[in-house]
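The following exercises concern a predicted model. Each task is followed by a solution in steps.

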Amino acid sequence: MPADLTQAAGGVMALFFLALILHSLWQLGRRFPPVSDQAPSGVEGWLMAVASIAVTAGLFNLTSFGLLLNAALTDAARSGGFPAEFWMSYGLPAAAGFAGYLWAALRLITGRRPSVRLEAAAGFWLSGPAAEMPVLLAGHGDSHWACISAGAALAVTVYLFFCARPRHTYGV
């Protein structure tokens, strides 16, 4: 099988797997009634898009951490030692990024209290820009990705606190 076809098939399978996860989360979110019966409410529309971004970013962090760990272990096998700065520069920020995005997604899907909006916004800020800072300070980070994650965290925060659907879903 040609390499391009193999990569395309892998990408399609990854997107299918992500779609299954997001559909399952959407079904789970429908089991929890919104706080207010006013429309729009419930985990649909842009609110589901925010939860989807959190899940996708969390899976991206987990995958990139696995690839970095594999590269560090391969390098350690060649050189005879594991790099000491790996955990502070990459390991802990990636783990914090994964945990924060996962927490934000699960709270948005299953939570129905006003504090959910603050928890989800904090998850986006801690998993995005705050988790990127140690990598940037170590000189190995990508400043474009840090700007994108900061912009996304700002957009999510504005949406969660100033739009109708989150207000009706989680209460005031």
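**Exercise 1.** Determine where Ser36 is placed, and whether Ser36 is buried, exposed or partly exposed.

*Solution.* Step 1: Ser36 belongs to the loop that lies between α1 (3–30) and α2. Step 2: the relative accessible area of Ser36 is 22%. Step 3: buried would require a value under 20% and exposed a value over 50%, so Ser36 counts as partly exposed. Step 4: leaving aside residues up to four places away in sequence, Ser36 touches Ser41 and His168. Step 5: Leu68 is 32 residues from Ser36 in sequence, and their C-alpha atoms are 45 Å apart in space.

**Exercise 2.** Identify which form, cis or trans, the peptide bond from Ala39 to Pro40 takes, and state where Pro40 lies.

*Solution.* Step 1: omega for this bond is near -5 degrees, and the bond from Ala39 to Pro40 is cis. Step 2: Pro40 is found in the loop between α1 and α2.

**Exercise 3.** Compare the reach of helix α2 with its expected span, and examine the residue just after this helix.

*Solution.* Step 1: α2 covers residues 45–79, which gives 35 residues. Step 2: at 1.5 Å a residue, the expected span is 51 Å. Step 3: from the first C-alpha to the last, α2 reaches 51 Å, close to that expectation. Step 4: just after α2, Gly80 has a positive phi of about 90 degrees.

**Exercise 4.** Describe how helix α4 packs with helix α6, and classify the residues of their contact.

*Solution.* Step 1: the axes of α4 (residues 115–127) and α6 (residues 143–162) are 9 Å apart and form an angle of about 175 degrees. Step 2: angles over 145 degrees count as roughly antiparallel, and therefore α4 is roughly antiparallel to α6. Step 3: on the side of α4, the contact involves Arg117, Leu118, Ala120, Ala121, Phe124 and Trp125. These meet Ala150, Ala153, Leu154, Val156, Thr157, Leu160 and Phe161 in α6. Step 4: the residues of this contact comprise eleven nonpolar, one polar and one charged.

**Exercise 5.** Summarise the secondary structure and the burial of the chain.

*Solution.* Step 1: the chain has seven helices and zero strands. Step 2: of its 172 residues, 35% count as buried.

Conventions: Residues are numbered from 1 along each chain as its sequence is written. This is a predicted model: local features need pLDDT of at least 70, side-chain atom pairs count only at pLDDT 80 or more; totals for chains, interfaces and linings use all residues. Side-chain values use heavy atoms; hydrogens and water are left out. Axes are lines fitted to C-alpha atoms, for helices over the stretch in contact, and angles run from 0 to 180 degrees between N-to-C directions. Helices (H or I, at least four residues) and strands (E, at least two) are DSSP runs, numbered from the N terminus. Angles under 35 degrees count as roughly parallel, over 145 as roughly antiparallel, 65 to 115 as roughly perpendicular and the rest as oblique. Contact means heavy atoms within 4.5 Å. Ala, Val, Leu, Ile, Met, Phe, Trp, Tyr, Cys and Pro count as nonpolar, Asp, Glu, Lys and Arg as charged, and the others, Gly among them, as polar. The expected span of a helix is 1.5 Å times one less than its number of residues. Buried means under 20% relative accessible area, exposed over 50%, partly exposed in between (1.4 Å probe, protein chains only).
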